[in-house]
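Thanks for coming. Please look at the sequence and the model on the screen.

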Amino acid sequence: MKNVPLYIAGEFVQSQSDQWIDVTNPATNEVIAKVPCATADEMQQAILSAAEAFKTWKETPVSERARVMLRYQALLKEHHDEIAEILSQETGKTFEDAKGDVWRGIEVVEHAANIPSLMMGETVENVAREVDTYSYIQPLGVCAGITPFNFPAMIPLWMFPMAIACGNTFILKPSEQDPLTPTRLVELFEQAGAPKGVLQVVHGAKEQVDVLLTDPVIKAVSFVGSVPVGRYIYETGTRNMKRVQSFAGAKNHMVIMPDADKQQVINALVGASVGAAGQRCMAISVAVFVGSSQEWIPELKEALAKVRPGAWNDKAAAYGPLISAQAKDRVESLIASGEAQGAKLLLDGRGCTVEGLSDGNWVGPTLFAGVKPGMDVYDQEIFGPVLSCVEVDSLGDAIELVNNSPYGNGTSIFTNCGGSARRYQHEIDVGQVGVNIPIPVPLPFFSFTGWKGSFYGDQHAYGKQAVRFYTETKTITARWFHSEMEVDANFSIHLR
Ligand code: NAD
């Protein structure tokens, strides 16, 4: 049994808190660690340490900051399997999926290593007679990040490498459900040569998050998690004059045109709906068939019925357990509501068991047909291995359905017609669109651009937008005098 440490001023320290939360292995529900709710004093120490470190880190040359990221990227690759094992243990993800979680974070660190070119400002010579204007990108100060359980490597790595590469210092509050992976990420960051105080890790829940949202030292807050918490973070953070980016829940539709390739569609739907037990913000949870779904559903059902969950090191398992017993109960009660509200339950994942792991939070692949808006399985983010099938008459109806959803994280269209794909990508009010790609998560040189109820804020994660989020722009207008130059008094605002 491990007591998860805090990380303050470059030291891993045991919290003095009297409130500790159990961390469980979701495949067995055994308690594998305890995570503290940091005390008010510990929260202040973390904030003060970050503020102190900012004074020197912001003066550290950008090329040196980039080199920390290069060393960090190499260490993460060297320890890729070991991090993935820790991640599997506390999330239940299969080893391959856990490696994917780490890999998508490593890609962001690679992007952060490009920080010298990402932080280039702009220049224009002769904006007026012998006057030049140029801009610099400067760090903000102390930034904070609050992360969800479902990607304990990737999402912390969306945040602190970009913020720190920009010259800020950072306080990370990982999910209390899987804090062991972020702890390992931070140990490696220290080994990469990050100076003391540049990164701190605090643990806890609402009370600790509230400190980060209200303390005046903190300039910017990044959040990823559920809709109600995301709204709260955005409203509270901005009310306290902070810059906030808040990535929230989702409900992603995949539109299937009658001309799409059948096997590609079935493969995409199976992997994108039940992969990671459906616990992905970009999971496909609604299949929208244009025309009749009858020619698709029997094969889809057959393919889903073959999929089974299992232990992290079971190579035949497609996905692992849900994160907690409460998450399992919630998903099972949503399945019951689907049936009660008139959807046709074609595959029922309730009561699923895995041999030798009878206490795990297992839910089998679940398939509904005849789903309509207004049913809970359509309206709510289920966050489980449940796929709902909807029928519409035309591409225009599919676009209207998706655009009426309050969420806008991701969507995709499967078709062999360029015209349908072009119309869909243009007219759809969703921030990330896949064409014959079910989960279109952009690589880090682009940004992760959820829309509508899936994102509150302006600047998104990674890419160029993260640099804008974590920096200020300073614009300088300069004139240097020389002997042959005469400048009269100017009584106008017009720069001549
Ligand atoms: P969550 O909202 O329960 O928790 C997220 C974080 O917020 C955790 O660190 C938690 O400790 C903290 N928190 C919880 N309640 C709080 C409160 N009342 N006040 C302040 N902080 C609080 O989310 P989760 O269950 O860990 O993660 C799953 C959710 O995250 C899903 O809704 C999923 O769609 C979403 N998600 C979104 C994206 C995206 O990019 N849009 C990515 C990943 C996950």
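Some notes on the source. This is a predicted model, where local features need pLDDT of at least 70, side-chain atom pairs count only at pLDDT 80 or more, and totals for chains, interfaces and linings use all residues. Residues are numbered from 1 along each chain as its sequence is written, and side-chain values use heavy atoms, with hydrogens and water left out.

Now the ligand's oxygen atoms. One is 2.7 Å from an N or O atom in the side chain of Lys173. For Thr147, a backbone N or O atom lies 2.8 Å from a ligand oxygen, and for Phe149 a backbone N or O atom lies 3.0 Å from a ligand oxygen. On its own the ligand has 840 Å² of accessible area, and the protein covers 88% of that (Shrake-Rupley method, 1.4 Å probe).

Next, helix α7, residues 180–191. Its 12 residues should span 16 Å at 1.5 Å a residue, and its end C-alpha atoms are 17 Å apart, which agrees; the expected span is 1.5 Å times one less than the number of residues. Of those 12 residues, 9 are buried, meaning under 20% relative accessible area with a 1.4 Å probe, protein chains only. Among them are Leu180, Arg184 and Phe189. After α7 comes Gly193, with a positive phi near 100°.

How values were computed:
Helix = DSSP H or I, 4+ residues; strand = E, 2+ residues; numbered from the N terminus. Buried < 20%, exposed > 50% of the residue type's maximum accessible area, 1.4 Å probe, protein only. Polar contact = N/O pair within 3.5 Å; in protein donor to acceptor, adjacent residues only side chain to side chain.
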